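Here's a quick briefing to read alongside the model.

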Amino acid sequence: MVEQEGFRRYVAHIILWIGIAIVAFPVYVAFIASTQDNALIANGQMSLLPGGHFFEVYYQTIFVGTSGSTREPVGNMMLNSLIMAIMVAVGKIAISIISAYAIVYFRFPFRMPIFWIIFITLMLPVEVRIYPTYKIVADLHMLDSYAGLALPLIASATATLLFRQFFMTVPDELLEASRIDGAGPLRFFWDTLLPLSRTNMAALFVILFILGWNQYLWPLLITTRDDMQTIQIGIRKMMTTNDALTEWPIVMATAVLAMLPPVFVVVAMQKLFVRGLVETEK
Amino acid sequence: MQKQAIFKSKLLPYALVAPQLAIVLIFFYWPALQAVIQSFLLQDAFGLSVSFVWFDNYVELFSEPAYFETVVRTFIFSFAIAASSLSVALLLAVMADKPLRGGAVYRTLLIWPYAVAPPVVGVLWVFMLHPSLGVLSRYLRAAGIEWNPLLDGDQAATLVILAAAWKQISYNFLFFLAGLAAIPKSVLEAAAIDGARPMRRFWTVTFPLLSPTIFFLLVVNIVYAFFDTFGIIDTMTRGGPGKSTETLVYKVYNDGLIGGNLGSSAAQSVILMIMVIVLTGIQFRFVERKVTY
């Protein structure tokens, strides 16, 4: 603006760099710790420069796991997390887009009650109904299964609302045109609406993938078998052992590996991420 | 609400809503109903008999000083997390909103912690500030502070608040940036021509115009502090030492799973549900109307 002199800009640069340092420091420490010798860390003499154990620590973390009680390779946990995150994201998008389509493009008895039944789920996160949900999943014999991990997290309305809003902005002329071409409701959905929704679906996928990957309380309750653990649960189990025996380099390598996929998604697909975040919060 | 141009079909719309309806009914309504029913039941210590006790679980909960303390603690945590995270994020957003060289890079470097999972946040911070091996603890001890969050409840609470606020900075930053971008530059220029210095311009023009964003974020941050801090607390302190970092959600988990007191745990869930519904209601009301001037 008028008096935007150099000095103020320097201050802004400095404040932003301090902010970035605060934000990055814990992660930097974790990465450094994952390349060092455990004895050094346990003695409280960890250096703030990278050590020489990078390959050895990451190899053990991914393919072998800790040498303590939970001998589960983190690579396997990452696979579980990946499957769960993709199931949550794809599942939610799939069921939401078709129900939003029905609600916007059809007139049928109980349309509004059904809409409200779905809409209300927006309000309650899974945390507040955790034990009864656990019991139902147990009764359905879905403990320690991918379906049990993903399905209860799919039960929410955010995506439905988003698609409903988007469909309302699609001009009616498109429907008229495809009707003249002789297209039925399914054809119109598949050939016209779905291609138009691509960006929305991608933005939603980014957000839901991160949400699914980062789930904690739910997988903590319903996975009992070590080979079904997600990476977030794995970290906690690694720290359960007596502090002195915690293999910190492996714990920190696991933390770094747990951050990598979602952080990569945010940075690589920044535009979609921002869009998805802003849209789902409306 | 609905299109003018629509399809006519008897069965297809039901088939299309059926999957979502089924999942919502089985995994949302049924458990929520169960929680409400369970909150009126009392199970004996061996789980052999169940009796209907009306509001006994609630009465017992409210007569328990520990529950009241947890409620107060959760609110203190929420406001501390919201206030610290919002103020840092606002400062950074105001700086990043300026036409600076490398602005996009700053943005990218500030938004990625959104993607870090709460349990990982807990691990990172507990490691950094671990009493015996944390890299920052050395400096705290050198500064003469007796730092031991594993034993000192206040220090543990501070640690949880710091970690939770740290994670939320990026989210708040993004929404503040969007809010700042929506403020018309002409208003700020007008204030500048009237001779308002940058600080004054911020407090008299920018800040009031941001109030809808601030209010929205305040609610989101409180909900975040209620629910998403579970992973942070669980990997950092498990609610301890004592009960000094036990929030409402953590207590539901603790009493139900470890204490085996399902009736009380269910009653707490129901109270939490009511709190969230109220918070969401407030948010909808004000977001609809906008807190504008």
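Predicted model: local features only at pLDDT ≥ 70, side-chain atom pairs only at ≥ 80, totals over all residues.

Chain A has 15 helices and 0 strands, while chain B has 12 helices and 2 strands. The contact takes 77 residues from chain A and 76 residues from chain B.

**Chain A overall**

- The C-alpha trace of chain A spans about 75 × 70 × 35 Å along its principal axes.
- Of the 282 residues in chain A, 47% are buried.
- Take the contacts in chain A between residues at least 6 apart in sequence: 73% of them join residues at least 24 apart.

**Chain B overall**

- Going along the sequence, chain B reads α-β-β-α-α-α-α-α-α-α-α-α-α-α.
- The box filled by the C-alpha atoms of chain B is roughly 75 × 75 × 30 Å along the principal axes.
- Buried residues account for 41% of the 293 residues of chain B.
- Among contacts in chain B with a separation of 6 or more, 68% come from residues 24 or more positions apart.

**Where the chains meet**

- Back to the contact between the chains, with its 77 residues from chain A and 76 residues from chain B.
- On the side of chain A that touches chain B, helix α1 (residues 6-33) of chain A gives the largest share, with 13 residues.
- Sorted by class, that side of chain A holds 58 nonpolar, 11 polar and 8 charged residues.

**Helix α9 of chain B and its partners**

- Helix α3 (residues 65-96) of chain B packs on helix α9 (residues 198-227) of chain B at an angle of about 140°, and their axes are 9 Å apart.
- With that angle, α3(B) counts as oblique to α9(B), because roughly antiparallel would take an angle over 145 degrees.
- The α3(B) and α9(B) crossing is right-handed.
- From α3(B), the contact uses B:Thr74, B:Phe77, B:Ser78, B:Ile81, B:Ala82, B:Ser85, B:Leu86 and B:Val94; from α9(B), it uses B:Phe202, B:Leu217, B:Leu218, B:Asn221, B:Ile222, B:Ala225 and B:Phe226.
- By class, the contact of α3(B) with α9(B) has 11 nonpolar residues, 4 polar and no charged.
- Helix α8 (residues 185-193) of chain B also meets α9(B): the axes come within 10 Å and cross at roughly 140°.
- That makes α8(B) oblique to α9(B), and the crossing is right-handed.
- Here B:Val187, B:Leu188, B:Ala191 and B:Ala192 of α8(B) meet B:Arg201, B:Thr204 and B:Val205 of α9(B).
- The contact of α8(B) with α9(B) divides into 5 nonpolar, 1 polar and 1 charged.

**A buried aspartate in chain B**

- Look for B:Asp234 in helix α10 (residues 229-236) of chain B.
- Why does B:Asp234 count as buried? Because it has 20 C-beta neighbours inside 10 Å, and 20 or more is what buried takes.
- Leaving out residues up to four places away in sequence, B:Asp234 touches A:Arg236, B:Pro119 and B:Gly122.
- B:Asp234 and B:Thr206 are 28 residues apart in sequence, and their C-alpha atoms are 39 Å apart in space.

**Positive phi in chain A**

- Some background first: most residues other than glycine have a negative phi.
- A:Phe110 is not a glycine, yet has a positive phi of about 70°.
- A:Phe110 sits in the loop between α4 (74-105) and α5 (111-120) of chain A.
- Is A:Phe110 buried or exposed? A:Phe110 counts as exposed, because it has 11 C-beta neighbours inside 10 Å.
- A:Asp144, also not a glycine, has a positive phi of about 55°.
- Its place is in the loop between α6 (130-139) and α7 (146-154) of chain A.
- A:Asp144 is partly exposed, since 15 other C-beta atoms lie within 10 Å.

How values were computed
Residues numbered from 1 in each chain as written. Chains lettered and ligands numbered in written order. Helix = DSSP H or I, 4+ residues; strand = E, 2+ residues; numbered from the N terminus. Buried ≥ 20, exposed ≤ 12 C-beta atoms within 10 Å, placed from the backbone. Contact = placed C-beta atoms within 7 Å. Nonpolar A, V, L, I, M, F, W, Y, C, P; charged D, E, K, R; others polar. Axes fitted to C-alpha atoms, helices over the stretch in contact; angles between N-to-C directions. Parallel < 35°, antiparallel > 145°, perpendicular 65-115°, else oblique. Left-handed = near helix turned anticlockwise from the far one by under 90°.
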